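Please look over the model shown here with its sheet, its cores and its pockets in mind. A short report accompanies it.

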Amino acid sequence: MKKFLFLFLYIALPAQLFSQDHLLATHKADSISQAFFTKYSLPGLSISVYKDNGLIWSKGYGYADIENKIPVFPSETLFRVGSVSKTYTAAGLGVLIQNNKLDTRKTVQTYVPDFPKKKYPITVKEVAGHIAGIRHYRGNEFMNTKKYATVTEGLQFFKNDSLLFEPGTDYKYSSYGWNLISAVIEGASGEAFLPFMKAEVFEPLGMNHTLPDWADQEIQNRSKFYIWRNGANVEAPYVDNSYKWAGGGFIGTTEDMIRFGEAHLDYDFLNEATQKVLMTPQQLDNGKSTNYGMGWSGFNDNATGYWIGHTGSSVGGTTMFIINKEHKMVIAYTINRSGAEFDNLHFKLAQVFLAE
């Protein structure tokens with residue numbers, strides 16, 4: 001009897017110690033996050049962290065709606081994820097690549113025949129890697145208020161413009177390039193972009209709280225969006241993101257981002273070869289790395305290593321999403337205000353939980 005009791009204590013004790021260590025880690029993470037939230041006077045903040053085989057910490061701070069004092073819930077509150085939409089869309093590209101329906105080395109006109117030819121041919125890979133020479137926003141285009149019924153209608157912002165440079169010779173970030181990628185997905189799949197993303201990416205990964213940010217519709221649990229003006233959080237101006245679903249038009253929860261990240265820690269959803277195509281940083285013609293693959297950017301931290309993911313900036317939204325394959329870790333946080341600081345919060349949290 002004593003032998004079995006000793007064995008039980010031997011097995012149970014490490015788990016108990018782990019639990020205590022985890023409680024200490026979550027307390028420290030909470031203190032760091034609360035200080036971050038207070039320092040920058042944020043309206044609302046949602047943070048979720050995954051490690052090894054599960055969600056280890058998820059918490060909301062502040063309000064999704066200041067006026068009505070509606071709190072933030074990481075499993076429910078919908079934030080504008082901004083350019084993390086590109087990473088979601090990259091998964092759609094991956095599905096098509098894996099099913100041999102799309103070759104990223106081919107020109108965009110292979111899949112979007114009506115897109116005007118330029119001085120130089122541009123490939124899907126170049127467009128998705130921001131090295132095709134397609135321009136970014138100009139003037140007040142970021143503040144668009146018009147609704148666009150289709151992906152191809154949204155191409156009108158830039159489709160007739162000349163390239164900024166010969167493809168492959170420079171890197172210039174372009175959300176409009178990802179508008180074109182959504183049209184490529186439609187051409188390669190034979191389906192409209194939004195239904196394709198829902199059926200091939202969001203539903204298979206259990207991302208039931210990720211959807212288009214329909215500006216003209218009431219959407220349950222969508223946060224209010226804010227800007228910082230005269231020392232206060234004030235409601236952001238109305239914008240309609242229907243012209244750029246793939247580049248920055250989705251809303252969702254941090255816990256859905258965790259599900260997305262988890263799916264890229266193994267190769268059940270996208271195989272290793274496909275992930276390599278998407279995540280490997282591209283090179284310019286002169287051999288210089290862009291630190292950007294197709295919808296995936298690299299992040300180096302001396303203390304915690306190499307991460308991949310994406311930041312997001314939108315009207316009334318700031319987002320960070322990163323994964324670390326070595327540590328099997330995913331960190332996601334969203335803020336319902338434009339231009340909020342990151343202050344390396346993600347790396348600070350990573351250090352806390354990796355030190356457990």
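The sections below take up the basis of the model, then the sheet, the cores and the pockets.

## Basis of the model

This is a predicted model, in which local features need pLDDT of at least 70 and side-chain atom pairs count only at pLDDT 80 or more, while totals for chains, interfaces and linings use all residues. Residues are numbered from 1 along each chain as its sequence is written, and side-chain values use heavy atoms, with hydrogens and water left out.

## The open sheet

Seven strands form an open sheet with antiparallel pairing, in the order β3-β2-β1-β12-β11-β10-β9. Its edge strands are β3 and β9 (297-301), each of which pairs on one side only. Strands, like helices, are DSSP runs numbered from the N terminus (E, at least two residues, for strands; H or I, at least four, for helices), and two strands are taken to pair if DSSP finds at least two bridges between them.

Strand β1 (residues 44-51) is joined to strand β2 (residues 54-65) by eight bridges, the two running antiparallel; here Y50 has L55 of β2 as its bridge partner. Two residues lie between these strands in their hairpin, where D52 takes a positive phi near 65°. β1 also pairs with strand β12 (residues 329-335), in the antiparallel sense and over seven bridges, with M329 of β12 as the bridge partner of K51.

β2 in turn pairs with strand β3 (residues 70-71) over two bridges, again antiparallel, and P71 in β3 is the bridge partner of Y63. The hairpin of β2 and β3 has four residues between the strands, and K69 takes a positive phi near 50° there.

A nonpolar core is a set of buried Ala, Val, Leu, Ile, Met, Phe, Trp, Tyr and Cys residues joined through side-chain atoms within 4.5 Å, where buried means under 20% relative accessible area, exposed over 50%, and partly exposed in between (1.4 Å probe, protein chains only). The largest core has 65 residues, of which Y88 and L180 touch the most other members. Leaving aside residues up to four places away in sequence, L180 touches V108, V112, F115, I122, V127, I134, L155 and F158, contact being heavy atoms within 4.5 Å. A second, separate core of 26 residues includes I47, Y61, M329 and V352.

Helix α9 (residues 345-354) is mostly covered, with seven of its ten residues buried; the buried residues are L345, H346, F347, L349, A350, V352 and F353.

A volume is the space filled by probe spheres set on the points. The largest pocket has a volume of about 510 Å³. Of its 23 lining residues, R222, S223, K224, F225 and E235 are the closest to its centre, and the elements that give two or more residues to this lining are β2 and β3.

The second largest pocket holds about 270 Å³ of space and is lined by 13 residues, with Y267, M279, Y306, I308 and K325 nearest its centre. At least two lining residues each come from α8 (272-279), β10 (305-314) and β11 (317-324), and α8 supplies the largest share, four residues.

Definitions and conventions. 1 Å grid on protein atoms, 1.4 Å probe; cavity = no way out; pocket = protein on both sides within 12 Å on 5 of 7 lines; lining within 4 Å.
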